[in-house]
Amino acid sequence: MRSGKSCSGALVVPEGITSIGANAFRSGQPLTSISLPATLTNISDGAFTYQKEVTSIVIPAAVTYIGVLAFSNPQGYKSVTFLGTSANAPLTIAEAAFQYHSLAGITFPANLSSLEQRVFNAATSMRCMNFLGNAPTLTFNPRYGLGSDFEAFSSGSTPTVYIT
């Protein structure tokens with residue numbers, strides 16, 4: 001899917017779609033909800049940037065890439081849910097993918113392999129990250145731009161807690 005800037009209201013992306021193109025819904029008509037298909041594997045850079053009316057998003061299990069600024073600046077997100085995991089498909093979440101939102105916490109699936117810097121930049125209500133597997137190796141401070149009482153936990157074999 002390349003462009004949906006003329007869409008408004010409740011967006012239902014049809015089954016069979018595997019990729020949402022860069023900036024496809026960026027700054028377009030306001031969306032009130034987004035329903036993504038189980039077939040989706042790629043959410044490109046800026047795909048849903050500036051969609052301020054959407055309060056929750058469910059990421060299908062097949063998604064392996066969430067691009068730079070993909071869900072940035074909504075300020076309304078209260079919930080991001082990852083549906084299951086695909087053991088053979090590692091998940092990468094790019095830089096600033098969820099910056100400027102209202103999430104208090106997030107739980108990542110076990111297939112998360114890469115979490116790039118500033119994923120939650122300026123998300124001051126973020127208090128907790130949970131990893132359902134081993135936390136990925138991070139080369140940055142995961143608290144950058146987050147609330148002062150932020151914590152991260154892993155349920156994997158090597159629990160990791162980041163508090164700086």
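Buried means under 20% relative accessible area, exposed means over 50%, and partly exposed is in between, using a 1.4 Å probe and protein chains only. By that cut-off Phe108 is buried, because its relative accessible area is 0%.

Before I go on, a word on the source. This is a predicted model, in which local features need pLDDT of at least 70 and side-chain atom pairs count only at pLDDT 80 or more, while totals for chains, interfaces and linings use all residues. Residues are numbered from 1 along each chain as its sequence is written, and side-chain values use heavy atoms, with hydrogens and water left out.

Now the aromatic rings. Rings of Phe, Tyr and Trp (its six-membered ring) pair if their centres lie within 6.5 Å; planes under 30 degrees apart count as stacked, over 60 as edge-to-face, and the rest as tilted. That rule gives 5 aromatic pairs. In one of them, Phe82 and Phe108 have ring centres 5.9 Å apart and planes at 45°, so this pair is tilted. Phe82 sits in strand β7 and Phe108 in strand β9 (residues 105–108), so the pair ties together parts that are 26 residues apart in sequence. As for strands, they are DSSP runs of E with at least two residues, and helices are runs of H or I with at least four, numbered from the N terminus. Phe82 also counts as buried, at 13% relative accessibility.

How are the rings of Phe108 and Phe131 arranged? Their centres are 5.2 Å apart and their planes at 25°, so the pair is stacked. Phe131 belongs to strand β11 (residues 128–131) and Phe108 to β9, so this contact ties together parts that are 23 residues apart in sequence. Phe131 is buried too, with a relative accessible area of 3%. Separately, Phe25, Phe48, Phe71 and Phe98 form one aromatic cluster.

Next, strand pairing. Two strands pair if DSSP finds at least two bridges between them. Strand β7 (residues 79–82) runs parallel to β5, and 4 bridges join them.

Last, an open sheet: 5 strands in the order β2-β4-β6-β8-β10, with parallel pairing. β2 (19–20) and β10 (112–115) are at the edges with a single partner strand each, so one side of each has no neighbour in the sheet. Within this sheet, β4 (residues 42–43) and β6 (residues 65–66) pair over 2 bridges, and Ile43 has Ile66 as its bridge partner.
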